[in-house]
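Open the model in your viewer and keep the sequence panel at hand.

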Amino acid sequence: MAAGPAAAKTGLMTDTRNTQYLFKTGSDLGLQHMNFLAEIFDRHTFGVLDPIAVRAGQRCLDLGAGGGSVTRRLADQVGPTGEVVAIDIDTTHLTDGPPIAVHRHDINDGLSGPIAGPYDLIHARLTLTHLPRRDAIFTELVDALAPGGWIVIGDASGRPLSVLSARSEQDVAVWKRIQHLSHEVVSPAGGIDFGWAHRIDDAMAGAGLTNVHGIEVSETVNGGSPGALLHAALNLQAREPLLAAGAEPRELERYQELTRDPEFRTWFYQFICLRGRKAPA
Ligand SMILES: C[S@@+](CC[C@H](N)C(=O)[O-])C[C@H]1O[C@@H](n2cnc3c(N)ncnc32)[C@H](O)[C@@H]1O
């Protein structure tokens, strides 16, 4: 995808392989980001993943493995006779060693060589939503499943993150403006499609998967909680594109203060996570 008008407006650069990930996984803020994702979403992910009952000796793929919390869960399940292939464009926070095989790899380059299928289980959380080629990549992932293999996809929806309580109307206005710039300007320019989460079920059904089942969860968060602090880490990483999109430095500073203010409460991202199974041979 060529850099379009939205990319020019936010200062984001794209390359010819559609790789335009907005965040800096390998940075200190990126590590905070990954740790908060694990703290907030692992219990929901494991609720969808664990009934699949991954067995000793099986082979799994964790795409966009990030901080590796799901990779490690799968490694415990496959044990020393299995393998968990962990792929990320930035593997700074992943630890290689049996049964985990870490590969620094852009999924836009496909799955071949040591990372080729078949896999008994493929997991991707909060990754496809970032990838403009998500539909084609989803098809490649399904193709890489072994007969009877499972795929688990989790992503955040675009449900508005409404304010529930704040100290002032000005604080509500700052929150709404920064969320608007983040979701309507910076995120689309960074390749993010919040609509994808609502299409996962259709994509699984369209691919002929069976036993499709999912969850939608949404929680309230208050300043100082992991959800609010995740917002802080995301917005600090995206500071330059937010400024380029028109955010004022004082608005970004107040936004950071709100994420630490226990009086400030909002709805948090709705998380949609589904599993589906390829027909056995
Ligand atoms: C929002 S994070 C989610 C991390 C992890 N799955 C989790 O939920 O805790 C998205 C991850 O996808 C990785 N990523 C982004 N673009 C990628 C690409 N083209 N190929 C492989 N990984 C990518 C990022 O580096 C990051 O670790």
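Strands here are DSSP runs of E, at least two residues long, and helices are runs of H or I, at least four residues, numbered from the N terminus. Two strands pair if DSSP finds at least two bridges between them.

This is a predicted model, where local features need pLDDT of at least 70, side-chain atom pairs count only at pLDDT 80 or more, and totals for chains, interfaces and linings use all residues. Residues are numbered from 1 along each chain as its sequence is written, and side-chain values use heavy atoms, without hydrogens or water.

**Stop 1: a strand pair.** Select Val221. Which residue stands opposite Val221 in β9? It is Thr266. Now select residues 265-267, strand β9. β9 pairs with β8 in the antiparallel sense, over 3 bridges.

Stop 2: The open sheet has 3 strands in the order β6-β9-β8, with antiparallel pairing.

Stop 3: Show everything as a cartoon. The protein chain holds 9 helices and 10 strands. Its radius of gyration (over C-alpha atoms) is 19 Å. The globule rule (2.2 Å times the number of residues to the power 0.38) also gives 19 Å for 281 residues, so the chain is as compact as a globular protein of that length. The C-alpha trace spans about 60 × 40 × 35 Å along its principal axes.
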